[in-house]
Amino acid sequence: MLSRLKGNLVNLAAGIAVCTVFALGTGGAQADSNIAGKKVIFVPISAGITLTEAWSRRMKEHAAIYGYSFDIRDAAFNTGAMSELLAKAISEKPDVLVVHNPTVQLLARQIKEAEAQGIKVLQLNLQSNQPSSAFTGANWERIGREIAEDIVKECGAGTGKSGEVAIIPGQLTAADSVIMNQAAFKVFAAHPEIKVVSNQASDWEPEKARQITTTVLQQHPNLCAIFGHWDVHTMGAGKAVKDAHLEDKVIVYATGGGDDKTCQAVEDKILDRVWSYDADGQGRDAADLVDILLQGGAAADHSMLQIESPLKIIKLGPTYDKNLCFKL
Amino acid sequence: MLEYIVMGVTVALVLVFSTFVQGFATFGNLRVIASNSAALLILSCGMGVVILSRGLDLSMVAVMVAGAAAFATLSNAGYSGPAVVGLTLLVTAAIGLANGWLIAYVEIPAMLATLASAMVITGFFRFAVLQGEFLLLLPNTNPAVVFFSKDIAPGLTAPVALMIVIFVLTWVLLRYTTLGRITYAMGDNFQAARLIGLRVRTTTLMIYVYAALTALVAGLVIAASSGTVDFRTVTNGSLLFEVILVVVLGGIPLRGGRGGMRNILVGVALIAVLRNGMTLFDLSSQVQDLLKGVVLIIAVATDNYFNPRDTETDTVGDL
């Protein structure tokens, strides 16, 4: 037993010595530009949708340039599986974790755990309540506010319209829906002529959005605007408006990654005004941030690095250009 | 009897909603309810036939989406209209046959066989046909979209017309054909049906093919109206739950052998009215699911009370 204790002490001393050497060797603000061989894991809500595929494409390009590995763990819209996949990813001790949060609370604890273990976490487009090393994505407050202000301009006092608005979030607890609704309701509070007649979540599904819209249009035939929180499911709502032959009366607002299908929908008058955050550009921003994090970049006061995605407004008219949308 | 209770509840809900929700008791709202429930009724017809034979087809929603995906992919690839329809029918019938074969000849319990086939179908179509995508957006020029957007007669849209056709077809099938009689016999007492020489295995095959084909029709209706083929409908699970809920609530017990089209109509009426009213009340989807679950528990408990299992109707391995 004594010999085992001695053996342990020797190991401990050796470990401390090795660690000291490393700490002294890499101390100071020296950026490490050789990041080949490092490990990055991306955990999106689901692979196989244009949004996440656009992000993955750019991040894979950067991984190929520098020679670090980039893995995607697909949760296929299953939030339970997502927690497990994230836990497994953390246990593999990657250098950077890229996380796409389905709600503000679900992965917050695990993100904290990862940061505590020295894994840098980049939150992509949908943030959680837990700050981490970096975030890049749309400024949901700005999108919610700008769309609400546009709705007030089109449907508010003096326009002669009914002022009735239907909001179709994806899920009421998803980060984007929470923040956009907060911002929009703040704007509407100052304009009492605007009435929100429906705020039903569609679970990101176009068919559910269509059914909700058909029902709401039935009860509120003078509906002025629909504000959908994702362009894909809002297309279902837009189709319902078109089927009711109200596409010239109801303005359909949406926000999304802005791929070529969105432009097609705008041309077909299924969507009227889309605030696009350009998923392709976001992919490039995320990839740049991953490179920076791998090279040791951090904010001077260790707060969260934030890069806001620029917005493009896609609508028919003089500002319309097919190139506003990207093709996957 | 459960179906009278459910009919009563539906009438009560209609009265409540008509009083408290403005815009509910209008002809326009009735049309909305009909068009929103078209796919549900079509699926319930297929599921009703299967449950009557004391089976269960958990792969219906997967077949629904896979069939629509096959249709969309083939039309996008440029095949002619009749070719697309023929190939899609063939693929769907083949899936139904596979299900039926597993249950009738390999003798795997229906619930397990169809659960497994649902996963295989979803995985295969997402992987091989959609190349990993979850969503397929249908262009406006797609023949299904064009057909389903038209009005067959003033006030009668194509989905509602199809719903009526499938409903009548299923009714005729169950009441006036040998297949229907054997289905009821199988549900009532499978071993006795087999022993007296009824062709239970062939009937099982045909029942699951019928279920698969009704699923295909429902899939085309949804795909055309929403403009997308969405595999998350399978993984979300709530549509399958609703279809079984409709059949059970309508009064067709899960052990089969009893009931008919009137039960399916009663079940769909309750769910459609409930869903429509809850949307007009602006209840969140979580609260809606909660209420539907509560309604199911009450229905099943009442069903158990009115249709207790006795030595005649209870058999080993029952669901």
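**Entry 1: the domains.** I began with how chain A is divided, and the assignment lists domain 1 (33-137 + 279-309) and domain 2 (140-276). I reminded myself that this is a predicted model. Next I looked up the spacing: the C-alpha centres of domain 1 and domain 2 of chain A are 30 Å apart.

**Entry 2: where the domains touch.** How many residues of each domain of chain A are in contact with the other? I found ten residues in domain 1 and eight residues in domain 2. On the domain 1 side, α2(A) gives the largest share, three residues. I also sorted that side of domain 1 by class and noted six nonpolar, four polar and no charged residues.

**Entry 3: α2(A) and its strands.** Helix α2 of chain A covers residues 50-66, and together with β1(A) and β2(A) it makes a right-handed β-α-β unit. In which sense do the two strands pair, parallel or antiparallel? Strand β1 (residues 39-43) and strand β2 (residues 69-72) of chain A run in the parallel sense, with four bridges between them.

**Entry 4: α2(A) against α10(A).** I learned that a pair of packed helices is described by the angle between their axes and the distance between the axes. So what are the angle and the distance for α2(A) and α10(A)? The angle is about 40°, and the axes are 8 Å apart. Helix α10 of chain A spans residues 279-294, and its crossing with α2(A) is right-handed.

I then listed who meets whom. From α2(A) the residues include L51(A), W55(A), M59(A) and Y66(A), while α10(A) brings, among them, A279(A), R284(A), A287(A) and V290(A). By class, this helix contact holds nine nonpolar, three polar and six charged residues.

**Entry 5: chain A meets chain B.** My last stop was the contact between the chains, which takes 30 residues from chain A and 29 residues from chain B. Which elements of chain A each supply at least two residues of this side? I noted β7 (195-199), α7 (206-219) and α8 (231-243). The largest share comes from α7(A), with nine residues. Sorting the chain A side by class gave me ten nonpolar, twelve polar and eight charged residues.

Notes:
Residues numbered from 1 in each chain as written. Chains lettered and ligands numbered in written order. Predicted model: local features only at pLDDT ≥ 70, side-chain atom pairs only at ≥ 80, totals over all residues. Pairing = 2+ DSSP bridges. Right-handed = clockwise from strand over helix to strand, strands pointing away. Axes fitted to C-alpha atoms, helices over the stretch in contact; angles between N-to-C directions. Left-handed = near helix turned anticlockwise from the far one by under 90°. Contact = placed C-beta atoms within 7 Å. Nonpolar A, V, L, I, M, F, W, Y, C, P; charged D, E, K, R; others polar. Domains from an automatic or database assignment.
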